[in-house]
Amino acid sequence: MQDCIFCKIASGDIPADTVFEDDHVIAFRDLNPQAPSHTLVIPRKHIATLNDMQPEDEVILGRMYGAARAIAVQEGIADAGYRTVVNCNEAGGQSVFHVHLHLLGGRMMHWPPG
Ligand code: AMP
């Protein structure tokens, strides 16, 4: 999508601190980190929200979680633990409308989240 910032990161038009990439997903550090380790895992395909995922896209979600698992090891947060979050639409706190998985770690997480 032309005016999607995450599509521009995926295509390399906008720089990002990339920590993982393959043919289907790319992951980069969040510009405004909420934890010592905070990365975003996105599909290369533009899908606006979780609501917009079609059944055939569900394999992408698996790839996103697979990437998150690998990045957690890479970041040294796997054993201590970490949190994965997908915000959906306004009430869910989504601000960038290209599906993304937040991977947060390096500190104690609290529950319930705000
Ligand atoms: P959400 O509020 O769930 O849509 O999360 C969007 C996230 O994208 C926020 O945590 C932002 O800090 C992050 N973000 C926005 N623009 C960029 C960017 N250019 N590079 C890295 N992270 C970004």
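Predicted model: local features only at pLDDT ≥ 70, side-chain atom pairs only at ≥ 80, totals over all residues.
Good morning, colleagues. Two elements each give two or more residues to the shell around the ligand, namely α1, residues 5-11, and β2, residues 25-29. Of these, α1 gives the most, with three residues.

Which residues come nearest to the ligand? There are 16 residues around the ligand, and D30, N87, S95, H100 and H102 come nearest.

Let me now turn to individual atom pairs, each of which involves an oxygen atom of the ligand. For S95, a polar backbone atom is 2.6 Å from an oxygen atom of the ligand. V96 also takes part through its backbone, where an N or O atom lies 3.0 Å from a ligand oxygen. How much of the ligand does the protein bury? Taken alone, the ligand exposes 510 Å², and the protein buries 83% of that area.

I would like to stay a moment with H102, which is among the residues that come nearest to the ligand. H102 belongs to strand β5, residues 101-105. Is H102 buried or exposed? Its relative accessible area is 13%, under the 20% cut-off, and H102 therefore counts as buried. The H102 side chain also makes a polar contact, at 2.8 Å, with the side chain of H38.

Next, I shall consider three further positions. G76 is found in the loop that runs between α2, residues 58-75, and β4, residues 82-85. Because its relative accessibility is 62%, over the cut-off of 50%, G76 counts as exposed. Between G76 and V19 there are 57 residues of sequence separation, and their C-alpha atoms are 13 Å apart in space.

N89 deserves attention for its backbone. Its phi is positive, at about 60°, although N89 is not a glycine. This residue is found in helix α3, residues 89-92. With a relative accessible area of 31%, N89 is partly exposed.

Finally, which peptide bond is cis? The bond from W111 to P112 is cis, with omega near 0°. P112 itself is placed in the segment after β5.

That concludes my presentation. Thank you for your attention.

Technical notes. Residues numbered from 1 in each chain as written. Heavy atoms only, no water. Near = heavy atom within 4 Å. Polar contact = N/O pair within 3.5 Å; in protein donor to acceptor, adjacent residues only side chain to side chain. Areas by Shrake-Rupley, 256 points an atom, 1.4 Å probe, with all protein chains shown as cover. Helix = DSSP H or I, 4+ residues; strand = E, 2+ residues; numbered from the N terminus. Buried < 20%, exposed > 50% of the residue type's maximum accessible area, 1.4 Å probe, protein only.
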